Amino acid sequence: MTLSADKFREQAEKIESEIGKVIVGQNEVVRHVLVSILAGGHVLLEGVPGLGKTMLIRTLGEVLDLKFSRIQFTPDLMPADILGTEILTDSDGHREFRFRQGPLFANLVLADEINRATPKTQSALLEAMQESSVTVAQQTYHLDEPFFVMATQNPLEMEGTYPLPEAQLDRFFFKVNVNLPNVTEMVEIMERTTGKETPSANKAVSGKEILQMRELARGVPIASHVKDFVARLVLATHPEDGSASLLTKKYVRYGVSPRGGQALVLGAKVTALLSGRYNVSFEDIKAIAPAALRHRLLLNFDGLADGVKTDDVINELVSSLAVQV
Amino acid sequence: MRGLIIGLGLSLTLGGIGLYRARLLQNEFLALVILLSLAFLFIFGLTAYFWRIQPIKAARHFDRLFHLEERVSTALELNQHPEHIPTEILDRQLEDAVATVRAVKPRQDFPLRLQMREGMYALLFIALISLVWFRGETWFKAAQQARNVQHAVEAQAAQIEELIKQIEANEALTEEQKQALTKPLKEAQASLENNPSLENSVSTLTGTKEELQALSDPQAQQMSEALQQTGSDLAEQTDGPLQSIGENLAQGDTVNAASELANIDTSELSPEEQQQLADQLNQMAESLQSTNPQLANELNQAADALNNGDTEAAQQALDNAAQSMAQAGQQIASAQAANQAVSQLQQGADQVLAAGGGQPQANQSGQGQGANQGNQTDGTGGSGSGSGSEAGIGQNGNEAGSDPIAQNNGPGDGGESAYEQIYAPQLLGGDGGEQVNLPSSDQPGGDVIGEGPTTPGDPNASTVPYNEVYSQYEQINNQAIESGDVPPQFFQIIKDYFDSLKP
C-alpha cells in the first residue's frame, strides 16, 4: 500500500472541492456519490429533472482522470448498443467477426434516465455491474477497473418507463435522492450558469489512486458490536423477523438483502476515513443507512397506498434498534 | 443511591410492619432505618467496587459515555485480533484512540450527578420515614405498651416459677397439697409463655387466681388466728405444761406444737400436773371450739380423761388431738401458700394491665384477708395486701369511697347524679313545624298504645337470686374478656363495675 490515510482524506477533499466548483450545494449528494466511488459501488441518482444529476456525474468524470462515457437510455436502446457487438470486418481479404466495444467499456458510465430503457436492455448491465465483465457471443470481456455505473432516473414521468427490477436495484451501492436546492444555492446556480464563463473542474485523482483509496478504505477496522448492529439492522428490515418494528411489519413486503449489509459496512468505512477516523462508528452507519438501504426495501401495497417512505422505515429502525454493549 | 433507596424502602417496610404489629419502639425504628440504609449503601458500594467488568464492555460503555465513536472498543479488539488489518491503520487507529481519550475530561463530561428519579425516590422514603417518626406517636406508644406488657408477662412467668419453687420447698405442705397448688400455676406459666398477649395474660392470671382461691380454705385464716391466740394465752402461763406448745402456736409453728402435744406422756405426770394439764386443755378447747370443733372435742376428751384419771384414754385423746392439730397446720400452710399465690397473681394481673395502659386494680373486694401478712387489711391498701377471699368477710359497703366506676352514678355513690339531658325533638321539621309530642297515656284523651295483662313483680321481692344473676353476668364478662372482645383499656372499668355489684 502506498497511499496513506492522510493522503486519502486529502484526495477526497480535493475531489469534493473540484466538484464544488461546478455543482452548487448538494453536499450530501456529492458525499454519498464520493463514498460510493471510493467503496467501489454504483450509484443510482433519483430526482426531478433539472437538479444537476447529469451535471454532477459529468463533472465527476472530469474530476476523476477516468474514461467516461454517457449512455442516454431510451425505449429503443438495445443491449448491443450498450455492451457492443460483433461486426464483420474485411482485412486483407480475410473476413472475420470482431468485437466492437460499446459505451459500457469505460471507467465511469453515466446511464442517463436508466428507467426509460426496456428491462432487457437494463438487464444488460447486470453482469457488468456485479462482475465488471461483459459476455458477448460466448466471449467474456473484462472491464477496466475502476468501473462505476452512475445511473439517473426521474421519479415523476413514469409513463413509458420501466421501473428497475429488484435485482438491478440491489446492484446499486447507493440510491441517492437529489433534492431541490435552497434559495442561496439557487441564486448561486443562476449566478454561475448565466454568465459568460462556464465553470469547469480539473482532474483531481487518477483511476489508480481511486483503486488505492478503495483498498485503504477496505482496511478500516470495524468493531464487532458495530458489525452486530449492522446485521441486526438488516434483519430488522424483514417483516417476518422477530426484531422488526411495527412499522416494518405493517408496510414492508421484503427487506434488505445481504448486499445492503455489505454496502453499509463498506460505506461506513469510507465515511470514517473521510471523517478523519480510523474505525467505523455507529454514526457512520446511521449517516449512510438511508442511501444504502432505501432502494433495497420493498414496501407492500399498504405502504404504497399510505404514502410511506422507505426512509421513514429505515430511520425508525435505526433509532429504535438498541445498541448492544 | 440505589442501595440507599433500597435500604430506606426496606427499613420503611419493616418498620411499618413492626409498627403495625406494635413491636417497634421509636428508637428501634430509627436504629432500623439507619442500620438498613447504611448496610445497603455499604453492600451496594462493595458490590459496585468488586463487580467484575469485562474490558470490552467497559470500552464500549466509555465509547458511548464520552462520545468516542467506538475508538476505544475498536482499539481493544484490534489489540486482541490485529489480523488482516494494515499496520498503518492499526497504528493510526490506536494513536487516534489514545489522543481522543486523552482529550476526555471525565469531571466535565461525566460529572457525578444524581438521577432525578432516584433522588425523588430517596426523598420520598425519607419523607415517609420522617412522617412516621414525627407523627407516629400513637404507633410508638402502642409498641411501648406492647413491650411493657411483654416484659410484665415475662416477669409474671418468672414470678410464678418462683412461687412454684417456694411451694415445692414448703415442708409444711403434703405432696398432694403441693401438687394441687402447683398444677394451676404451671398451667398458667405455660399459657403465659405460649400466648403472652395482654388479654390472655390477664385472663390467665385472673383465672389462676380464682382457681387458687378455690383451693384456699376460707376457715384457715380464722383457725390460724385462733391457734395463735390460744398459743399466746398458753405461753403467758409460765410453768404450765403447755407453755412450750403455746409458744410454738403463737409463732405459727403448728407442726411442732402438734408434735410436742403428741409427745406428752400423761402417765408420768403427777395428779397436780394432770389437773393443770386438763385445765389448759379445756382452755384450749374452748378457744378453738368455733374454728376447729374436732380438735376442741379431742382436747376436751383428753381433759376429761385426765380428770377421771384415765391416763391411757387421755394419751389416746392427746394423740388424736395432735393429729388434728397437725392437719390444721397443713390446712393453714396450704391456705397461706394459696393466698400468697393469689396475692401475687392479682398483683401480677394489675402490673400487666398497667403495662397495657389500663388502670391497676387498686382496690379489691372490700375487706380482704392478707393471709400472708397475718393481719386483716381494711381494703384500702395496695393491691398486694388487698387481695382476699371473696367468700370471706365479704363486702361491707365501703367501696363507695373507692369510686369504682368514676362516673358518679355507681351504686356506691347512690346513683343520684343527674344524667345527661337527651335531645328530644318535639317539632316535626325543626322550628315552626308540627307539634309531635304525644300526650301522656294516663291523661284523659291520651293515645292508648297497647293493653294486656301485666305481671308486675311483688314490691321488694326478686324472682331471681341476686347471686345467680351476678354470677351469670360475671361469667359472660369473663368470656368476653378472654375472647378478646373487650379492649384492654376497659378492663379496669369493667372490673370496678362488677366489683361494685359483687354481693
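## Ground rules and confidence

Residues are numbered from 1 along each chain as its sequence is written, while chains are lettered from A and ligands numbered from 1 in the order in which they are written. Because the model is predicted, local features need pLDDT of at least 70 and side-chain atom pairs count only at pLDDT 80 or more, whereas totals for chains, interfaces and linings use all residues.

The model scores ipTM 0.80 and pTM 0.54. Chain B averages a pLDDT of 75, with 77% of its residues scoring at least 70; pLDDT is the predictor's confidence in each residue, from 0 to 100. One stretch to treat with care is residues 362–415 of chain B, where pLDDT stays under 50. For that stretch the model has 101 contacts beyond four places in sequence, a contact being two residues whose C-beta atoms, placed from the backbone, lie within 7 Å.

## The two chains at a glance

Chain A has 14 helices and 13 strands, and chain B has 19 helices and four strands. These elements are DSSP runs numbered from the N terminus: helices are H or I with at least four residues, and strands are E with at least two.

Of the 325 residues of chain A, 43% count as buried; for chain B the figure is 33% of 503 residues. Here, buried means that 20 or more other C-beta atoms lie within 10 Å of the residue's own, exposed means 12 or fewer, and partly exposed is in between, with C-beta atoms placed from the backbone. Among contacts in chain A between residues at least 6 apart in sequence, 77% join residues at least 24 apart. In chain B, residues 24 or more positions apart account for 63% of the contacts with a separation of 6 or more.

## A parallel sheet in chain A

Five strands of chain A form an open sheet in the order β3-β6-β9-β1-β10, with parallel pairing; two strands pair if DSSP finds at least two bridges between them. Strands β3 (68–72) and β10 of chain A stand at the edges, each with a single partner strand, so one side of each has no neighbour in the sheet. From one strand to the next, the twist averages 15°.

Strand β1 (residues 42–46) of chain A is joined to β10(A) by five bridges, and H42(A) stands opposite F172(A) in β10(A). Four bridges join β1(A) to strand β9 (residues 148–153) of chain A, where A151(A) is the bridge partner of L44(A). Although β10(A) is an edge strand, five of its six residues (172–177) are buried, so it is largely enclosed by the rest of the structure. Helix α3 (residues 53–63) of chain A lies across β1, β3, β6 (108–112) and β9 of chain A, and runs at about 170° to β6(A). Axes are lines fitted to C-alpha atoms, for helices over the stretch in contact, and angles run from 0 to 180 degrees between N-to-C directions.

## Nonpolar cores

The largest nonpolar core has 93 residues, and L38(A), V43(A), V109(A), A111(A), M150(A), L264(A) and I288(A) touch the most other members. Such a core is a set of buried Ala, Val, Leu, Ile, Met, Phe, Trp, Tyr and Cys residues joined through C-beta atoms within 7 Å. Its largest share, eight residues, comes from helix α11 (residues 258–274) of chain A. A second, separate core of 78 residues includes L36(B), A258(B), L299(B) and A355(B).

Beyond its neighbours within four places in sequence, A111(A) is in contact with I71(A), F73(A), L125(A), V149(A), M150(A) and A151(A).

## Where the chains meet

At the interface, 18 residues of chain A are in contact with 17 residues of chain B. On the chain A side, α9 (224–236) and α12 (282–293) are the elements that give two or more residues, and α9(A) gives the most, with three. By class, this side has ten nonpolar, six polar and two charged residues. Ala, Val, Leu, Ile, Met, Phe, Trp, Tyr, Cys and Pro count as nonpolar, Asp, Glu, Lys and Arg as charged, and the others, Gly among them, as polar.

## Backbone details

Most residues other than glycine have a negative phi, and most peptide bonds are trans. The peptide bond from E145(A) to P146(A) is cis, with omega near -5°, and P146(A) is found in the loop between β8 (139–142) and β9 of chain A.

Q26(A) has a positive phi of about 50° and is found in the loop between α1 (5–22) and α2 (27–39) of chain A. Q26(A) is buried, with 23 other C-beta atoms within 10 Å. In chain B, phi of E69(B) is near 55°; this residue is found in the loop between α3 (55–65) and α4 (71–80) of chain B and is buried, with 22 other C-beta atoms within 10 Å.
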